[in-house]
Amino acid sequence: QVQLGESGGGLVQAGGSLRLSCVASGHSFSIYRMGWFRQAPGKEREFAAAIKWSAGNTYYADSVKGRFTISRDNAENTVYLQMNSLKPEDTAVYYCASTPYDCSGYRCYVDEGSYVYWGQGTQVTVSS
């Protein structure tokens, strides 16, 4: 079992920045990849960014590419999501997810069904 805890959400004006953190505890040695997903009010949860834990390969949704950066600190078992140039449409609950399973290719990394463990989420609100 892996437990995930997100933090760093809040209220920010459009154009501002936030950095989300997600700490993994428990059997964190079994993490193969981690991702950030988000769910806006009235919408389905969608992929934002993901990272391969060992090599650091990163993947992004087109909607956040160039504005968001995912990174990890292996020693601290923490993944970050640096969010810059925030827009009102970025308003959502952001969830951290992880899985111990291998996969390859963008389609796998963006598939929320391929992740096993999920955090409780952190609210990000961007005002216009």
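## Two buried cysteines

Cysteine 22 and cysteine 96 are both buried, where buried means under 20% relative accessible area, exposed means over 50%, and partly exposed lies in between, with a 1.4 Å probe and protein chains only. The model is a predicted one, in which local features need pLDDT of at least 70 and side-chain atom pairs count only at pLDDT 80 or more, while totals for chains, interfaces and linings use all residues. Residues are numbered from 1 along each chain as its sequence is written, and side-chain values use heavy atoms, with hydrogens and water left out.

## The disulfides

Taking a disulfide as a pair of cysteine sulfur atoms within 2.5 Å, the count comes to two. One of them joins cysteine 22 to cysteine 96, with an S to S distance of 2.1 Å, and this link is left-handed, with -80° about the S-S bond. Because cysteine 22 lies in strand 3 (residues 18–26) and cysteine 96 in strand 9 (residues 92–99), the pair ties together parts that are 74 residues apart in sequence.

A disulfide also joins cysteine 103 to cysteine 108, with an S to S distance of 2.0 Å. The torsion about the S-S bond of cysteine 103 and cysteine 108 is about -115°, so this disulfide is left-handed; both of these cysteines are buried. With bonded cysteines counted along the chain, the disulfides follow the pattern 1-2, 3-4.

## Strands and a hairpin

The protein has one helix and 11 strands, where helices (H or I, at least four residues) and strands (E, at least two) are DSSP runs numbered from the N terminus. From the N terminus on, the order of these elements is β-β-β-β-β-β-β-β-β-α-β-β.

Strand 7 (residues 68–73) pairs with strand 8 (residues 78–83) in the antiparallel sense over six bridges, pairing being assigned if DSSP finds at least two bridges between two strands. Isoleucine 70 has leucine 81 in strand 8 as its bridge partner. The hairpin of strand 7 and strand 8 has four residues between the strands, and asparagine 77 takes a positive phi near 50° there.

## Overall dimensions and packing

The radius of gyration of the protein is 14 Å, which agrees with the value near 14 Å for a compact globule of 128 residues; this radius is taken over C-alpha atoms, and the globule rule is 2.2 Å times the number of residues to the power 0.38. Along the principal axes, the C-alpha atoms fill a box of roughly 40 × 25 × 25 Å.

Buried residues make up 45% of the 128 residues. Among contacts (heavy atoms within 4.5 Å) between residues at least 6 apart in sequence, 59% join residues at least 24 apart.
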